[in-house]
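Hi,

Here is the structure I promised to pass on.

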Amino acid sequence: MDPMYFLNKTNLSSSDDFPSLEALGPEMQAVLIVLYSLTALLALSGNVTVVGVLALGKRSSRDLRIFLINLAVSDITMATFSIPFTYTDFMLGRWIFDPHFCPFVLFMQHSSVIVSVYTLTAVGLDRYYAVVYPLRKGWTKSRGLCILVAIWMVAFGFSCVQLIQSRAEKFRWAGEDYYMCRETWSEESGKIYTVTVFIVTFFLPLVVMTFTYSSIGWKMWSHNAPGNADVTRDERHLKTKLKTVKMLVLVLILFSLCWLPIQIFNLLVYFDTEFLLFTNDEEYYTFVGTFFFCHWISMANSFVNPIIYCFMSENFRMDLKQLVFYNCRRNSRQKKDIVPLVPLQGRSSPSLHSSTLLITCGSNATGSDATVLKSNTLTIAECSRKRVSSSYLKSRILLVTKREMDYNSGPTRTPSTSDMCSKSLSSASV
């Protein structure tokens, strides 16, 4: 959508005739800010999670992992460059950012859309060859990298047009100077480019994905499990088929629903001469509401993709749970492994050079199993500078001075397990 086109089609004679450039009032602007901010947050958090889990997890499909990571990266790029800039530009009726940033933003918007769409197409083709032609050699990791590099290069090459044809142009409105970020096409060139974008970013990928997913569904539905008939096995196989076919249909439906409205809207802007002419406020607000609906639902695709391709996968969910629980257990274990040194109760603190005994008490130990790990060498000063790990000692820790051992049990008595366990509770914290 090019708001400058509306300005050129509007005939205004005096400064009193100039309405506000802002498309909506403060209340609706607040609603849009919350809606688009939530969309960006979901897209960024969801796709960052996908990248982390796929990069560190072990259960997710190795064949699709590189494609799904690339899809998440392209959706992050889309959420970064498409969501905040486009809706604020249209909502406020002007470009409020640095004028030199305009061509780069449009360049990244087009690039991220192309990469996202054709990564989805590559996923469909990969599954098509894996299911329909299982005996053929699959896409190796190096070949997958080459395909992704080719997708990014084609996206950048096609989007370089934006660096040439886009700029932030200054215009005057109600006695004030503003900037409008727009494509500087002639009317005919704009129509040709719009049709080309529609074919490249929507029609062609939709045709390819419809063919691949239809072939996959038909292959799986018509394929019977080998061997003799088994009711339990056949029912389980049928449920798997239904689940897979439903997911493939869901992929096609959501892709069409998310991208078709904005594509039709852009075509109407250039090919319907009356689409941007309004005779009353009701028609104008209908037009504004239509644009924001079409744009938002296309941006919603950036957080729908992780849900379809990742969070609906049982292997992905298992990897996510394992990574979350592993980090939680590791942090908890690290906290428990740190054993602070507590002075003995009921005794005056020994001198810094008092000799000590470091004794371990196992859960199944007997009196003879108690082992003196260090004697006459570990000072209190050293203990205060060092943290002692309970996992290293593999038991609770007791620090007692040699004087107290002599006082309680005499020079020839070996401390019993019960003595050490009772002492450990008051002298060390695990």
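First, something to check in your viewer: is Trp185 buried, partly exposed or exposed? Bear in mind that this is a predicted model. Trp185 comes out as partly exposed, because its relative accessible area is 22% and the buried class stops under 20%. Its ring partner is Tyr193, with ring centres 4.8 Å apart and planes at 25°, so the pair counts as stacked. Tyr193 itself is buried, at 9% relative accessibility.

On to the aromatics in general. Searching the whole structure turns up 30 aromatic pairs. One of them is Phe90 with Phe287, a tilted pair at 6.2 Å between centres and 45° between planes. That pair ties together distant parts of the chain: Phe90 sits in helix 4 (residues 83–92) and Phe287 in helix 9 (residues 281–311), 197 residues apart. Phe90 is buried at 9% relative accessibility, and Phe287 is buried too, at 7%.

There is also an aromatic cluster, made up of Phe81, Phe85, Trp95, Phe97, Phe101, Phe104, Phe107, Trp152 and Phe156.

Now the surface. Val195, Ile199, Phe203, Leu204, Val207 and Phe271 make a nonpolar patch of about 510 Å². Helix 7 (residues 187–222) supplies the largest share of that patch, 5 residues. Val195 lies in helix 7 and is partly exposed at 31% relative accessible area, so it passes the over 30% cut-off for patch residues.

Cheers

Technical notes
Residues are numbered from 1 along each chain as its sequence is written. This is a predicted model: local features need pLDDT of at least 70, side-chain atom pairs count only at pLDDT 80 or more; totals for chains, interfaces and linings use all residues. Side-chain values use heavy atoms; hydrogens and water are left out. Patches are made of residues with over 30% relative accessible area and no salt bridge: like charges are joined within 9 Å, nonpolar side chains (Val, Leu, Ile, Met, Phe, Trp, Tyr) within 5 Å. Accessible areas come from the Shrake-Rupley method with a 1.4 Å probe; for residues, only the protein chains shown count as cover. A salt bridge is a side-chain nitrogen of Lys or Arg within 4 Å of a carboxyl oxygen of Asp or Glu. Helices (H or I, at least four residues) and strands (E, at least two) are DSSP runs, numbered from the N terminus. Buried means under 20% relative accessible area, exposed over 50%, partly exposed in between (1.4 Å probe, protein chains only). Rings of Phe, Tyr and Trp (its six-membered ring) pair if their centres lie within 6.5 Å; planes under 30 degrees apart count as stacked, over 60 as edge-to-face and the rest as tilted.
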